[in-house]
Amino acid sequence: MPKSVYIHIPFCKSICSYCDFCKFLYNEKWVGAYLTALRNEIKDRYMDDPIRTIYIGGGTPSALSIEELRRLFKIISVFKTNNLEEFTFECNLSDITKDLLILLKYSGVNRLSIGIESFNKKKLEFMERTADFKDAQEKIKLCHEYGFNNINIDLMYAIPGETLSDLKKDIDLFLRLNPTHISTYSLILEDHTKASASDTTYIEEELDYDMFRLIEKKLGKDKHYEISNYALPGYESKHNLVYWNNEEYYGFGLGAAGYIDDIRYQNTKNLKEYLLGNYVEENEILGKKEKMDYEIMLGLRKLKGIDINKFREKYGEDIEAVYDLKPLFKNKDLIKKKDHIFINPEKIYIMNEILIKII
């Protein structure tokens with residue numbers, strides 16, 4: 001069966017205060033060595049499967065120079081892409097140029113994910129990022145001119161000091177950019193980040209909830225297809241749906257995760273080890289019950305939930321025989337409609353609490 005590929009590029013031109021992803025400041029010397037190790041990992045572990053989707057994330061892939069990106073695309077040209085449906089490349093606004101777009105188009109990229117996060121000066125200062133609305137308009141117009149019409153933009157909210165009014169202004173500006181997809185992220189204070197090391201505290205839970213509902217109202221319940229993601233019809237992220245549908249995918253690169261042949265694995269985040277060819281740090285061999293648990297945890301992130309018939313076809317089990325869902329139907333945590341079981345849209349905000357009850 002076709003599989004998907006995630007490729008991690010851990011280099012950035014600057015480090016955001018909240019970011020917990022595997023990343024380093026850009027260094028030309030290390031990029032060259034990293035790409036060599038990435039090529040070797042792919043050579044060692046790719047099993048010539050047809051590839052359905054590719055996602056190049058980071059870090060900031062667009063931090064690489066044009067020559068480095070040419071080398072990257074040459075490395076991944078070994079993938080069998082006759083069945084390729086979606087090829088996403090993450091980038092920052094400041095890195096978008098004609099030369100970059102020409103190279104991405106030539107290399108088969110058909111979807112861009114742009115990390116804007118906010119246009120609010122105070123929020124940007126906290127995140128240690130920059131973004132300008134007029135610049136965003138110009139850059140996205142340039143993307144359209146070069147044939148990139150499938151564009152996701154990222155929105156962060158629940159930043160300390162942010163108000164509902166601040167968030168509404170951000171959303172209104174984001175919508176004026178006419179993206180096909182918006183990913184939303186509530187601030188999480190992760191360990192080993194500058195934000196967590198400071199005196200930063202979370203906003204009030206009630207305000208966080210009000211912000212979640214404001215986003216849903218402004219972006220549209222009909223476009224809300226996964227707890228954090230909104231898309232115009234037909235523009236849902238095919239690659240991310242691979243994760244949420246609990247399907248198999250390769251993860252290549254520092255800190256990348258993958259799921260192949262019933263094994264979930266996590267690559268090392270130690271650059272020295274990765275460069276030495278010691279790619280994988282952790283393997284989890286899944287039995288049938290573990291795979292079903294993942295199906296529940298990932299599948300219920302989708303607003304449509306889990307297809308009962310597909311679950312039975314996949315595992316040879318009735319989902320309601322494996323999990324005691326009756327109490328959750330009774331208290332309306334879960335809803336069963338036709339062939340799907342999904343979290344009550346009014347309770348999607350407390351999804352994690354509901355998943356704990358199930359698992």
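The crossing of helices α6 and α8 is right-handed (the near helix is turned clockwise from the far one by less than a right angle). This is a predicted model: local features need pLDDT of at least 70, side-chain atom pairs count only at pLDDT 80 or more, and totals for chains, interfaces and linings use all residues. Residues are numbered from 1 along each chain as its sequence is written, and side-chain values use heavy atoms, without hydrogens and water.

The axes of α6 and α8 lie 10 Å apart, at an angle of about 25°. Axes are lines fitted to C-alpha atoms over the stretch in contact, and angles run from 0 to 180 degrees between N-to-C directions. The two helices are therefore roughly parallel (under 35 degrees). From α6, L164, L167, K168, I171, D172 and L175 meet residues of α8 that include L207, M211 and L214 (heavy atoms within 4.5 Å).

β16 is joined to β17 by 4 bridges; pairing takes at least two bridges found by DSSP. I335 has F342 in β17 as its bridge partner.

| Element | Residues |
|---|---|
| Helix α6 | 164–176 |
| Helix α8 | 205–219 |
| Strand β17 | 340–343 |

Overall, the protein has 15 helices and 17 strands (DSSP runs, H or I of at least four residues and E of at least two, numbered from the N terminus). Its C-alpha atoms fill a box of roughly 60 × 50 × 40 Å along the principal axes.

How values were computed:
Parallel < 35°, antiparallel > 145°, perpendicular 65-115°, else oblique.
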